[in-house]
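Subject: A structure for you to explore

Hello,

Here is the structure I promised to pass on to you. Have a look at it first, and then read my notes below.

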Amino acid sequence: MSTRYWCESAWIDGAVARGVLLSADDTGTLTAVETGIDTAPSDAEAVSGFVLPGGVNAHSHAFHRMLRGRTHGDGGTFWTWREVMYSVAAKLDPQAYETVARAVFAEMLAGGYTSVGEFHYVHHAQDGTPYGTERPRGDASDDAGHRAHAMERALARAAASAGIRIRLLDTCYLTGGIDSELSAEQARFGDGTIDGYMDRHAGLIGAFADEFPVETPGESFVHVGAAIHSIRAVPAANLQRFTELSGPVHVHLSEQPAENEASQEAYGATPAEVLARSGVVDDRLSAVHATHLSEEDIAILGGSRSTIVMCPCTEADLADGIGPARELADAGAVISLGSDQHVVLDALRETQGLEAGERLRSGQRGRFSPAELITALTAGGARSLDLPVGGLEVGKACDFVAVRNDSIRTMGSLDEQIILTASASDVHLTVSGGKVRVRDGVHTELGDIAELYAQAFAALEMEG
């Protein structure tokens, strides 16, 4: 059975097309993309406004959303913000995390994203004990909290129930800093050794292959990838092991000057150089933030065709700085976007932040063209996460968002420039896997997203 959507205008093959008819099969995969269709067929839903391929959020920490609007009271730094983050992480258990992530992923869909790379490192119980250990005799609590990979399963279930495509980036986190032990707050992040991580990661891939099979582009919502938290958290001697893995590998890179200083002191090299020496830097690698780079770092990342995941709203919120996105792109790197700690979940604002940062940094307008910005939000993220999305093309998933072109923000904007004027408030329809997930800000199956957040704050016993 086919599902069809007729779009007034849509972004097709790098340009605006009028009268676009999208057809998807019962797996949610696009089977036909036709243009120049003047009126909507009777069996197609008419979609007003301007349709974009679904945004790809290439870097997310779902639980960080619970910090929004709660860390600004005394200014502080990235490092003081991190202490507040640890206090929220300590509250998570599988049931609570599923509730939190369901709300976050629903808001993500409403904000213009249909895929997410979840950079996940809260693997174990609060005391660092792996889930899946034997249940104490007489304990009648829910089975889900005692299964192996319980936190990962919680995220996958949340994504599947919301209808967002997820690449769960299973993160290696072994040390609290270069040559320092994990702190008590970090104990649940670690696997002890690189072999411990590799064993758990292989087990996760096997478990998800059975529980969330990947078969067709449209209906495959749960995928696994790998991540190196940072060179602070994974010793250089262990990095080469990531070349053994297939699929995407992500890493936090040079987010803070202190990270670069520690790397120089320990290894006599920048974080990018340390990764390159280990053989990790290639076209499968996504470097997140990449804010404080040398010319040599830019050449390393560009020459390898690595992907760069810029997170402009988070980088501004944490006063991280503005990374050299234009220089990286010119060197050969692929630019993508992420929302990281979810200061906002607004795909349009995040995209605008990429160009705004470049203008502020350079004193020049048009550092990235509107077409390049759309590509970063869509195809760039699809490459980063290796997902069958990023464009409205036959064989890819039927994932798209419709943006109002008649709102007080967008009225008069050319469709091809609406990426620079619209906000999440203008996203009136979100479709993934051929199904409408959010309509006019309300999730079609989960309901009012604000109520989902009320449940999430209650689950963590936090005042919402």
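Let's begin with S336, which counts as buried because its relative accessibility is 0%, and buried means under 20%. Please keep in mind that this is a predicted model.

Where does S336 sit? Its place is strand β12, which covers residues 334-337. Setting aside residues up to four places away in sequence, S336 touches A58, T307, I308, V309, M310, A376, G380, G381 and S384.

Now for the sheet that β12 belongs to. It is an open sheet formed by 8 strands in the order β5-β6-β7-β8-β9-β10-β11-β12, with parallel pairing. Which strands are at the edges? They are β5 (55-60) and β12, and each of them pairs on one side only. On average, neighbouring strands of this sheet are turned by 25° against each other, with direction ignored.

S48 lies in strand β4, residues 45-53. Is S48 buried or partly exposed? With a relative accessible area of 38%, S48 is partly exposed, because that label covers values between the 20% limit for buried and the 50% limit for exposed. Apart from neighbours within four places in sequence, S48 is in contact with E8, A402 and H428. S48 and A402 are 354 residues apart along the chain, yet their C-alpha atoms are separated by 7.2 Å.

Happy exploring!

Notes. Residues numbered from 1 in each chain as written. Predicted model: local features only at pLDDT ≥ 70, side-chain atom pairs only at ≥ 80, totals over all residues. Heavy atoms only, no water. Helix = DSSP H or I, 4+ residues; strand = E, 2+ residues; numbered from the N terminus. Buried < 20%, exposed > 50% of the residue type's maximum accessible area, 1.4 Å probe, protein only. Contact = heavy atoms within 4.5 Å. Pairing = 2+ DSSP bridges. Axes fitted to C-alpha atoms, helices over the stretch in contact; angles between N-to-C directions.
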